[in-house]
Amino acid sequence: MAILEVKNLSKVFDKLEVIRDISFSMEKGESLAIIGSSGSGKTTLLRCLNGLERPNAGTISVNGKIVFDAQRAGKISAREQRLNQLHFGLVFQQFHLFPQYTVLGNVTLASELLAKGREDYKANKRAILEQIQENGREILRSVGLEAKLDAYPHQLSGGQQQRVAIARALALNPDILCFDEPTSALDPELTGEVLNVIRGLASKKTTMVIVTHEMQFARQVADNALFMDNGVVVEYGKAEEVIGHPHEERTRQFLDRYFQQ
């Protein structure tokens with residue numbers, strides 16, 4: 001069974017169809033790179049998956065369960081919508097860390113807020129919060145930031161801030177981790193440390209959807225690649241084939257321009 005299945009997804013803004021009839025599926029542990037020119041609909045697709053935009057048509061299923069259906073989107077409760085969003089974790093282009101919280105506080109905040117809804121929270125508050133803190137520390141160790149637990153965002157480099165953002169997304173244990181151009185806001189010399197973290201996640205078979213302009217990285221790390229142009233899927237297949245040996249002329253044009261830069 002596919003962990004993620006997207007069928008006929010479309011999104012319209014002011015009568016402009018930004019993505020149109022998008023369909024694909026992913027297996028557990030797979031990494032999918034979404035590539036294409038700016039304005040091709042990549043980020044809109046990612047935002048639709050994460051519930052930040054509501055598609056006008058189509059369905060999204062996780063582990064065989066429909067978590068979004070455009071035909072009944074207005075009928076589900078806010079609580080059900082929030083629960084469905086928890087299947088996905090999103091790392092933004094910009095880090096969007098809370099400046100008033102420490103590194104550890106940024107990573108544990110969402111888990112602490114969700115824990116308050118547990119039936120046993122009042123009776124076991126201390127143990128629950130201690131477990132959340134330990135989980136946060138362990139995740140930060142995994143991205144190489146164990147020495148920065150008590151630092152604040154302004155005390156970190158851009159690469160470190162993005163690694164905190166990755167840790168924050170991981171803290172809720174999502175089924176699918178999504179990245180929206182995770183290195184676009186970084187200086188070139190800081191890009192490598194973030195890409196190395198993503199490589200490590202791929203080696204652990206973390207299910208990931210990665211919107212990226214880093215073609216060599218996508219070719220090396222992703223299992224499959226999806227090339228978008230003007231809101232539609234032009235080519236979809238093994239990353240090595242799509243990026244190294246594309247079949248579609250539009251894909252070849254895009255990659256030729258990229259590698260000639």
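The structure holds zero disulfides, a disulfide being a pair of cysteine sulfur atoms within 2.5 Å. Cys48 takes part in none, and the cysteine sulfur nearest to that of Cys48, belonging to Cys178, is 12 Å away; likewise, Cys178 is in no disulfide, its nearest cysteine sulfur being that of Cys48 at 12 Å. Cys48 is buried, with a relative accessible area of 3%, and Cys178 is buried with a value of 0%, where buried means under 20% relative accessible area, exposed over 50% and partly exposed in between, for a 1.4 Å probe and protein chains only.

The model is a predicted one, in which local features need pLDDT of at least 70 and side-chain atom pairs count only at pLDDT 80 or more, whereas totals for chains, interfaces and linings use all residues. Residues are numbered from 1 along each chain as its sequence is written, and side-chain values use heavy atoms, with hydrogens and water left out.

Strand E9 comprises residues 224-229, and because six of its six residues are buried, the strand is largely enclosed by the rest of the structure; helices (H or I, at least four residues) and strands (E, at least two) are DSSP runs, numbered from the N terminus. Both faces of E9 are covered, with Asn224, Leu226 and Met228 buried on one side and Ala225, Phe227 and Asp229 buried on the other. Strand pairing, for which DSSP must find at least two bridges between two strands, links E9 in the parallel sense to strand E3 (residues 31-35) over four bridges, and Asn224 of E9 is the bridge partner of Leu32. E9 also pairs with strand E10 (residues 232-238), here in the antiparallel sense and over six bridges, with Gly237 of E10 as the bridge partner of Ala225. The hairpin of E9 and E10 has two residues between the strands, and in this hairpin Asn230 takes a positive phi near 50°.

A nonpolar core is a set of buried Ala, Val, Leu, Ile, Met, Phe, Trp, Tyr and Cys residues joined through side-chain atoms within 4.5 Å. The largest such core has 34 residues, and those with the most contacts inside it are Leu140, Ile166, Leu177, Phe179, Leu201 and Met208. Elements that give two or more residues to this core include helix H4 (125-142), helix H5 (158-171), strand E7 (176-180) and helix H6 (188-203). Neighbours within four places in sequence aside, Leu140 is in contact (heavy atoms within 4.5 Å) with residues including Val103, Leu104, Val107, Leu145 and Ala167. Another core, of 27 residues, lies apart from the largest one and has Val6, Leu45, Leu49 and Phe68 among its members.
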